[in-house]
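Dear colleague,

Please find the structure below, handed over as promised. My notes on it follow.

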2 protein chains.
Amino acid sequence: MKARIALRQLELPYERMTVDLFARETRTPEHMARNPDGRVPVLELDSGAMIPESGAILLYLAEGTALLPGDRLERARVHQWLFFEQNQIESSLAVARFLVLTGRAEKYRDVTQSLVARGHGALSSLARGLADDRPFICGDAYTVADIALYAYVHCAHEAGADAREHGTIGAWLDRVEATPGFENDLAPFPPHAMAAS
Amino acid sequence: MKARIALRQLELPYERMTVDLFARETRTPEHMARNPDGRVPVLELDSGAMIPESGAILLYLAEGTALLPGDRLERARVHQWLFFEQNQIESSLAVARFLVLTGRAEKYRDVTQSLVARGHGALSSLARGLADDRPFICGDAYTVADIALYAYVHCAHEAGADAREHGTIGAWLDRVEATPGFENDLAPFPPHAMAAS
């Protein structure tokens, strides 16, 4: 969804191909050739080159646009929050949400509880980063860091952690959703996700 | 250590300040002002500006140097592996290593086992990325992606996962250590780490 939000806001035409992780299509030799880590998303360029990792895709797409500042220090701020998202938000809230939505939260209760606790810590950090009424996470400008953070923060309640409990986050989510061309097209988990898990 | 490796290889003078996480110095208001996520490392520039997140620090330092390619697609490869490191390596092996070295692996056994299993999966992905005899993770050139990956991969055995079991990784670790000016100055956990945990 992060890549699609950026592609639409940058008005870049794209085609969406589904690689069904619940059918283990992400673990085939064909997909491993696209991404040795065997996961989605992967951006395929017109040249055939493949770019895995949502953060790398966002930085590639945003290069030279308003979604990524040209100044070295301002770009470092965007990088800071992109790495924070992958290290603290995705690794906790996205994994917990996956366990909940595939019906495995009970079986892996200690792990899920630990992930949700870490997720709340990460949301507190994000709330501190958004303090002082800064409209977006890197300041006045909306960047790909906001897109990356939005993805798993806006649906954190599905993992068992309500992001809007954390002070500044609710108003920021609203501001992100109000940016021109923003569209949240989060897909529901497919019906066979439970069976395949 | 990632930042220090890059600083030395780029021959940039630096001063190392210790913020002791075991004494909770990373959670003070003073440190939160440096990094709202309350963690280390943070790079303080001569201007006083603060850059948290090891990946953001590496990209900032490497800008315009041989450690970061100028080409947009080649840079996307570096970003790909930097994000992979934060999302798959650090979040599994570094956390497991922390639990082991602070004597908490037994108390949090399910969590630790789950982290080590995820770590082995990540090492398999890295080994696939290093296949086809490519000397470094992004190809012929040694980049900050190698520095980032080296840090928690070379000491994965301390987390209970030997990285050198994974085919191509051993020779790559040796190549990284043989780059000009490379110095592994990993600090041991301080004696009070066990007591404070």
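In this predicted model, B:E53 is buried, with 28 other C-beta atoms within 10 Å, where 20 or more are enough for that label. B:E53 sits in the loop between β2 (50–52) and α3 of chain B. Its phi is near 80 degrees, a positive value in a residue other than glycine. B:E11 also has a positive phi without being glycine, here near 55 degrees. This residue belongs to the loop between α1 and α2 of chain B. Is B:E11 buried or exposed? B:E11 counts as exposed because it has 7 C-beta neighbours inside 10 Å, and the limit for that class is 12 or fewer.

Of the 9 residues of α3(B), 9 are buried. They are B:S54, B:G55, B:A56, B:I57, B:L58, B:L59, B:Y60, B:L61 and B:A62. The cover over these buried residues comes in part from the other chain: it includes α4 of chain A. From chain B itself, α1, β1, β2, α4 (72–101) and α6 (144–153) are part of the cover. Just after α3(B), B:G64 takes a positive phi of about 75 degrees.

One of the elements over α3(B) can be described in detail. How do the axes of helix α1 (residues 2–9) and helix α3 (residues 54–62) of chain B cross? They come within 9 Å of each other and cross at roughly 10 degrees. Angles under 35 degrees count as roughly parallel, so α1(B) is roughly parallel to α3(B). On the α1(B) side the contact is made by B:K2, B:A3, B:A6 and B:L7. On the α3(B) side it is made by B:S54, B:I57, B:L58, B:L61 and B:A62. By class, the residues of this contact divide into 7 nonpolar, 1 polar and 1 charged. As background, an α-helix has 3.6 residues a turn, so residues three or four places apart point the same way.

α4(A) and helix α6 (residues 144–153) of chain A have their axes 9 Å apart, at an angle of about 10 degrees. The two helices are therefore roughly parallel to each other. α4(A) brings A:V78, A:W81, A:L82, A:E85, A:I89, A:E90, A:L93 and A:A94 to the contact. These meet A:V144, A:A145, A:A148, A:L149, A:Y152 and A:V153 in α6(A). The contact of α4(A) with α6(A) has 12 nonpolar residues, no polar ones and 2 charged ones.

Next, the domains of chain A. The assignment gives domain 1 (2–65) and domain 2 (72–177). Their C-alpha centres lie 21 Å apart. Domain 1 puts 8 residues into the contact between them, and domain 2 puts in 6 residues. On the domain 1 side, α1 (2–9) and α3 of chain A are the elements that give two or more residues. α3(A) has the largest share of that side, with 5 residues. That side of domain 1 has 5 nonpolar, 2 polar and 1 charged residues.

How are the two chains related? Chain A is superposed on chain B by a rotation of 180 degrees with 0.0 Å of shift along its axis, at an RMSD of 0.0 Å. The two copies are thus related as by a two-fold rotation axis. The same surface serves both copies, as 100% of the contact residues of chain A recur in chain B.

Last, the cis peptide bonds. In chain A, the bond from A:V40 to A:P41 is cis, with omega near 5 degrees. A:P41 lies in the loop between α2 (29–34) and β1 (42–44) of chain A. In chain B, a cis peptide bond joins B:V40 and B:P41, with omega about 5 degrees. B:P41 lies in the loop between α2 (29–34) and β1 (42–44) of chain B.

Regards

Note on methods: Residues numbered from 1 in each chain as written. Chains lettered and ligands numbered in written order. Predicted model: local features only at pLDDT ≥ 70, side-chain atom pairs only at ≥ 80, totals over all residues. Least-squares fit on C-alpha atoms with pLDDT ≥ 70 in both. Contact = placed C-beta atoms within 7 Å. Domains from an automatic or database assignment. Helix = DSSP H or I, 4+ residues; strand = E, 2+ residues; numbered from the N terminus. Nonpolar A, V, L, I, M, F, W, Y, C, P; charged D, E, K, R; others polar. Axes fitted to C-alpha atoms, helices over the stretch in contact; angles between N-to-C directions. Parallel < 35°, antiparallel > 145°, perpendicular 65-115°, else oblique.
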